[in-house]
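Please view the sequence and the structure together before reading on.

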Amino acid sequence: MTENEMIQQTSTPGTGASILRDIRALGVTEGSILVVHSSLSKLGWIAGGPHAVVLALLDAVGPGGTLVMPTHSSLSDPALWKNPPVPESWWRVIREETPAFDPLLTPSRYMGAIVETFRHVPGVTRSYHPSVSFAAVGLAAAQVLDNHQLADGLGEGSPLARLYELDASILLLGVGHHNNTSLHLADYRARYAGKKSNDQGAPVMVDGERRWVEFPEMDYEDADFDTLGTDFAQTGLQTTGTVGAGTARLMPQRALVDFAVRWFEEHRGSVEPTAATPGH
């Protein structure tokens, strides 16, 4: 959506103060551990844009809380790229010449303006995963981000699993469950037939040197995430409201993940009797 389209669809400009009021009305409280997925354009025109939204989110959780956002990047094996794919003749150059992951310099991809602004807030740190990193600030930031494992980067060795242990909340700000990364943790944990893994790779620093490192990564599916989200809303555990001009959804991450594990096992088919299942 262009800025002119946002202006045309906004009756009253949003502000940091109005966004904060809306977030509070939704149920976000000070001291919360909150993982946010967002789309700035869906919130309408806001004075200060992503800067104002980030400040409102920081105020919402307060100094005793923790704010977390996914900062996923494009550092992965080009042989697996689909959106868009690149010619096979490029693969060697990409693997050999792409700079190693740098938590400060490597940009996020498809995460949006709010995430890119949040990454530059003083005190924000980022987990060391070249493809599916997370950024956080607050009292529990280190607990959430430390020791992010390369293999199955959205599984048990990920910030998502730490958020589950901490009983965090999820805020979908202008986006639906298709953008809800915690459902990948549930996908990892669910037992059903047909799970697949890829041999993933990315450039990272090892002992002070850039290296292309390979690691296994589950082939996550997300085509049914919105349908799952609609069913989860029927539990009454999700609060839906308006933030700016957009729809927002707030829910407990642990309850959602547990629900999603059962949902995947029911809707994607039972586990094969002899299959080894990740996460169990």
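The model shown here is predicted. The protein contains 10 helices and 9 strands. Its radius of gyration is 19 Å, close to the 19 Å that the globule rule gives for 280 residues, and the protein is therefore as compact as a globular protein of that length. The C-alpha trace spans about 50 × 45 × 35 Å along its principal axes. Among contacts in the protein with a separation of 6 or more, 72% join residues 24 or more positions apart.

The surface comes next. The protein exposes about 13,300 Å², of which carbon and sulfur atoms supply 52%.

Turning to the interior, 49% of the 280 residues count as buried. In soluble globular proteins, nonpolar side chains tend to be buried together. Here the largest nonpolar core has 38 residues, and those with the most contacts inside it are Val68, Leu163, Leu228, Leu256 and Phe264. Several elements each supply at least two residues of this core, among them strand S1 (33–38), strand S5 (169–173), helix H7 (159–165) and helix H9 (225–233). The largest share, 7 residues, comes from H10.

What does Phe264 touch, not counting residues up to four places away in sequence? Its partners are Leu183, Ala186, Asp187, Ala190, Tyr192, Asp224, Phe225, Leu228 and Gly269. A second, separate core of 32 residues includes Leu26, Ile46, Val61 and Val124.

Key. Residues numbered from 1 in each chain as written. Predicted model: local features only at pLDDT ≥ 70, side-chain atom pairs only at ≥ 80, totals over all residues. Heavy atoms only, no water. Helix = DSSP H or I, 4+ residues; strand = E, 2+ residues; numbered from the N terminus. Rg over C-alpha atoms; globule rule 2.2 N^0.38 Å. Buried < 20%, exposed > 50% of the residue type's maximum accessible area, 1.4 Å probe, protein only. Contact = heavy atoms within 4.5 Å. Areas by Shrake-Rupley, 256 points an atom, 1.4 Å probe, with all protein chains shown as cover. Core = buried A, V, L, I, M, F, W, Y, C linked by side-chain atoms within 4.5 Å.
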